[in-house]
Amino acid sequence: MALVFRTVAQLAGISLSLLGWVLSCLTNYLPHWKNLNLDLNLMENWTMGLWQTCVIQEEGGMQCKDFDSFLALPAELRISRILMFLSNGLGFLGLLVSGFGLDCLRIGERQHELKKRLLILGGTLLWTAGIAALVPVSWVAYMTVQEFWDETIPEIVPRWEFGDALFIGWFAGFFLLLGGCLLNCVACSSQAPIASGHYAVAERQYLRQHLEMKNTHLEI
């Protein structure tokens with residue numbers, strides 16, 4: 001029963017982490033971190049991401065333009081680019097390391113301590129990737145709220161609001177955190193199970209020793 005629970009927990013942790021990593025990659029490249037609706041032109045919406053700004057028109061579709069300069073961006077967008085790249089890289093590395101530490105993987109099944117360390121390292125990398133994803137989306141969301149309620153800006157000026165990418169980023173960070181913590185908890189809770197083949201070998205060795213001792217007593 002413990003073996004089944006451990007295996008299910010590992011698979012759940014790696015699945016949540018994989019989902020979180022995919023969502024973090026989408027968050028990095030989607031141009032929907034901020035939305036702007038123009039009251040004067042209801043048929044035109046503006047969106048802003050980390051890499052480009054887009055204009056969505058009901059008749060003309062979507063037209064996007066990349067940012068010309070990295071240094072000209074606001075501080076939250078510059079730092080967000082770096083942190084999102086860090087999250088994507090750490091998430092991929094964490095998934096790779098954790099995969100080699102899973103009990104269901106037959107590679108290195110005799111090196112239980114090594115697989116345990118790989119699982120802990122992978123879980124830590126995934127947990128760090130979750131933090132790196134939550135910080136930029138939360139920072140951009142905070143700055144958006146600050147600008148939306150800024151009393152120094154005239155009321156006639158349109159205000160940026162939350163885009164869909166921010167919510168995807170929050171889910172991505174949460175899944176990465178949950179998956180990494182689950183893998184770490186499973187790895188630290190108990191020793192890695194011995195493969196069924198090893199049980200059979202140990203049992204045969206025990207029976208052989210028992211028979212040898214019994215024959216020795218009979219000879220005496």
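Begin with the strands: select residues 44-48, which are strand S2, and residues 52-57, which are strand S3. These two pair in the antiparallel sense, over five bridges. Keep in mind as you click around that this is a predicted model. Now look at the link between the two strands: S2 and S3 make a hairpin, with three residues between them.

On one side, cysteine 54 in S3 stands opposite threonine 47. What is the bridge partner of cysteine 54 in S4? Select cysteine 64 and you have it.

**Charged pairs**

Time to colour by charge. How many salt bridges does the structure hold? There are three, so here is a stop at each, with the background that side chains of opposite charge can pair when their charged atoms come close.

Aspartate 68 is exposed, because its relative accessibility is 71%.

Now select lysine 34 and glutamate 147, another salt bridge, with 3.9 Å between the closest N and O atoms. Lysine 34 sits in strand S1 (residues 34-37) and glutamate 147 in helix H3, so this pair ties together parts that are 113 residues apart in sequence. Is lysine 34 buried or exposed? It counts as buried, because its relative accessibility is 6%. Glutamate 147, at 31%, counts as partly exposed.

For the remaining stop, follow H3 to glutamate 113 and arginine 117. They form a salt bridge with the closest N and O atoms 3.9 Å apart. Both residues lie in H3, four residues apart, which is about one turn of the helix. Glutamate 113 is partly exposed at 41% relative accessible area, while arginine 117, at 57% relative accessibility, counts as exposed.

**Into the interior**

Select helix H2, residues 75-101, and find serine 87 in it. Serine 87 is buried, with a relative accessible area of 0%. What is serine 87 in contact with, apart from neighbours within four places in sequence? Show Trp21, Ser24, Ala129, Ala132, Ala133 and Leu176 to see those contacts.

Now for the nonpolar side chains. In soluble globular proteins, these tend to be buried together. The largest nonpolar core here has 14 residues, and the members that touch the most others are Trp33, Leu50, Leu77, Val140 and Leu166. H2, H3 and helix H4 (164-189) each supply at least two residues of this core. The largest share, three residues, comes from H3. Then select Val97, Leu102, Leu119 and Ala187: they are among the twelve residues of a second, separate core.

**Back to the surface**

Valine 145 counts as partly exposed, because its relative accessibility is 35%.

Note on methods: Residues are numbered from 1 along each chain as its sequence is written. This is a predicted model: local features need pLDDT of at least 70, side-chain atom pairs count only at pLDDT 80 or more; totals for chains, interfaces and linings use all residues. Side-chain values use heavy atoms; hydrogens and water are left out. Buried means under 20% relative accessible area, exposed over 50%, partly exposed in between (1.4 Å probe, protein chains only). Two strands pair if DSSP finds at least two bridges between them. Contact means heavy atoms within 4.5 Å. A salt bridge is a side-chain nitrogen of Lys or Arg within 4 Å of a carboxyl oxygen of Asp or Glu. A nonpolar core is a set of buried Ala, Val, Leu, Ile, Met, Phe, Trp, Tyr and Cys residues joined through side-chain atoms within 4.5 Å.
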